[in-house]
Amino acid sequence: MTTEPPFSVERIDHLVFRVRDLDVSVAFYEAVLGCQVARRRPDLGLVHIRAGASMVDLVAIDGTLGRAGGAGPAAEGRNVDHLCLRVEPFDEEAIVRHLATHGVVPRGAASTNFGAEGDGLSLYFTDPDGNVIELKGPASLSG
């Protein structure tokens, strides 16, 4: 018997990344993505970062919460495949220039990918811990 859940999913509320250096990661999300710290929980080794209507929580791997997760992120394994942030406007040239000012190099040229709004351009890069970030523009009108 299949039953419908008593709720509907509306959007991503938050995503949690375990990170090696909390200060470096906070600086990256602020400077590169324009996110802002919403709350700090030093007792837990946790910083809540506002990312539009959603949150990205950064947890220090040597903090109270982070230690519970075992080994930290590394080239051999990640905690999450990637975080996709919907951005507006999507100007590939301007985004690449901005990333370059922070020493960040995209993994390749923008490509069309499917997301919540349909097919649209997106660009991928990594944060200081190797977590993959996708910046996704609006859905294409022709697709």
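The model is a predicted one, in which local features need pLDDT of at least 70 and side-chain atom pairs count only at pLDDT 80 or more, while totals for chains, interfaces and linings use all residues. Residues are numbered from 1 along each chain as its sequence is written, and side-chain values use heavy atoms, with hydrogens and water left out.

Asp21 belongs to the loop between β1 and α1 and caps the N-terminal end of α1, with a side-chain oxygen 3.1 Å from the backbone nitrogen of Asp23. With a relative accessible area of 36%, Asp21 is partly exposed; buried denotes under 20%, exposed over 50%, and partly exposed the range in between, for a 1.4 Å probe and protein chains only. The C-alpha atoms of Asp21 and Ala139 are 35 Å apart in space, and the two residues are 118 apart in sequence.

## Overall architecture

The protein has two helices and eight strands, in the order β-α-β-β-β-β-α-β-β-β from the N terminus. Helices (H or I, at least four residues) and strands (E, at least two) are DSSP runs, numbered from the N terminus. The C-alpha trace spans about 55 × 50 × 30 Å along its principal axes.

Of the 143 residues, 38% count as buried. Among contacts with a separation of 6 or more, 49% join residues 24 or more positions apart, where contact means heavy atoms within 4.5 Å.

In helix α1 (residues 22–31), the buried residues are Leu22, Ser25, Val26, Phe28 and Tyr29. They cover an arc of only 160° around the axis, which puts them on the same side of α1; the arc is that of the directions from the helix axis to the C-beta atoms. An α-helix has 3.6 residues a turn, so residues three or four places apart point the same way. The packing partners of these buried residues are β1 (14–19), β2 (36–41), β3 (46–51), β4 (54–60), β7 (118–126) and β8 (132–136).

The largest nonpolar core holds 29 residues, of which Phe17, Tyr29, Leu33, Leu58, Phe125 and Ile133 touch the most other members. At least two residues of this core come from each of β1, α1, β3, β4, β5 (82–86), α2 (92–101), β7 and β8, and α1 supplies the largest share, four residues. Such a core is a set of buried Ala, Val, Leu, Ile, Met, Phe, Trp, Tyr and Cys residues joined through side-chain atoms within 4.5 Å. Leaving aside neighbours within four places in sequence, the contacts of Phe125 include Phe28, Leu33, Leu99, Val104, Pro106, Arg107, Ile133 and Leu135.

Val47 is found in strand β3 and is buried, with a relative accessible area of 2%. Not counting residues up to four places away in sequence, Val47 touches Leu22, Val26, Val37, Arg39, Arg40, Val56, Asp57 and Leu58. His48, also in β3, counts as buried at 17% relative accessibility. With neighbours within four places in sequence left aside, His48 is in contact with residues including Gln36, Ala38, Arg41, Met55 and Asp57.

Gly52 lies in the loop between β3 and β4 and counts as exposed at 59% relative accessibility. A distance of 15 Å separates the C-alpha atoms of Gly52 and Ala31, which are 21 residues apart along the chain.

The largest pocket has a volume of about 780 Å³. Its lining comprises 34 residues, and Cys84, Leu85, Arg86, Val87 and Lys136 are the closest to its centre. β1, β4, β5, α2 and β8 each contribute at least two residues to the lining. On a 1 Å grid over the protein atoms alone, a pocket is an open set of points where a 1.4 Å probe fits, with protein on both sides within 12 Å along at least five of seven lines, and lining residues have an atom within 4 Å of a point. Grid points are joined across faces, edges and corners, and the volume is the space filled by probe spheres set on the points.

Pro89 is found in the loop between β5 and α2. The peptide bond from Glu88 to Pro89 is cis, with omega near -5°, whereas most peptide bonds are trans.

Note on methods: A polar contact is a pair of N or O atoms within 3.5 Å; within protein, one must be able to donate a hydrogen and the other to accept it, and residues adjacent in sequence count only if both atoms are side-chain atoms.
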